[in-house]
Amino acid sequence: VLGELYLPEAVLVQTDADGWQPVLCYVCAAMVPKPPENAYVERILQPARQLGFPQWYVQRLESFRSP
């Protein structure tokens with residue numbers, strides 16, 4: 001949700017070479033749960049496809065689209 005307070009959260013991401021990379025993920029702790037807008041899902045899907053993310057992951061992202 002635009003305008004909410006997102007704080008950095010440190011996480012580890014597994015790389016293609018079976019290594020691990022520390023990264024920051026920004027999380028809003030006080031957000032009211034609700035379905036994401038389709039435009040937001042598409043904004044995440046586009047780079048996921050372009051960067052060659054695994055198909056299972058792209059399908060998981062697609063599952064958040066509203067009918």
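Tutor: We can go through the fold, the core and the aromatic rings in turn.

Tutor: This is a predicted model, where local features need pLDDT of at least 70 and side-chain atom pairs count only at pLDDT 80 or more, while totals for chains, interfaces and linings use all residues. Residues are numbered from 1 along each chain as its sequence is written, and side-chain values use heavy atoms, with hydrogens and water left out.

Student: How many helices and strands are in the protein?

Tutor: The protein has 2 helices and 2 strands, in the order β-β-α-α along the sequence. Both kinds of element are DSSP runs numbered from the N terminus: helices are H or I with at least four residues, strands are E with at least two.

Student: How many bridges join strand 1 to strand 2?

Tutor: There are 8, between residues 7-14 and residues 20-27, and the strands run antiparallel. Two strands count as paired if DSSP finds at least two bridges between them. Leu 12 is opposite Pro 22 of strand 2.

Student: And what is in the turn?

Tutor: The two strands make a hairpin with 5 residues between them, and Asp 18 in the turn has a positive phi of about 60°.

Student: Switching to the core. Which residues are in the largest nonpolar one?

Tutor: Val 41, Leu 45, Ala 48, Val 58 and Leu 61. Helix 1 (38-50) and helix 2 (55-62) each give two or more residues to this core, and helix 1 gives the most, with 3 residues. A nonpolar core here is a set of buried Ala, Val, Leu, Ile, Met, Phe, Trp, Tyr and Cys residues joined through side-chain atoms within 4.5 Å. Buried means under 20% relative accessible area, exposed over 50%, and partly exposed in between, with a 1.4 Å probe and protein chains only.

Student: What is Leu 61 in contact with?

Tutor: Leaving aside neighbours within four places in sequence, Leu 61 is in contact (heavy atoms within 4.5 Å) with Val 41, Ile 44, Leu 45 and Ala 48.

Student: How many aromatic pairs are there?

Tutor: The structure has 2. Phe 53 and Tyr 57 are tilted, 5.7 Å centre to centre with 50° between the planes. Trp 56 and Tyr 57 also have centres 5.7 Å apart, but their planes are at 85°, so that pair is edge-to-face. Rings of Phe, Tyr and Trp (its six-membered ring) pair if their centres lie within 6.5 Å; planes under 30 degrees apart are stacked, over 60 edge-to-face, and the rest tilted.

Student: Is Trp 56 buried or exposed?

Tutor: Trp 56 is exposed at 61% relative accessible area. Phe 53 is partly exposed at 37%, and Tyr 57 is partly exposed at 32%.
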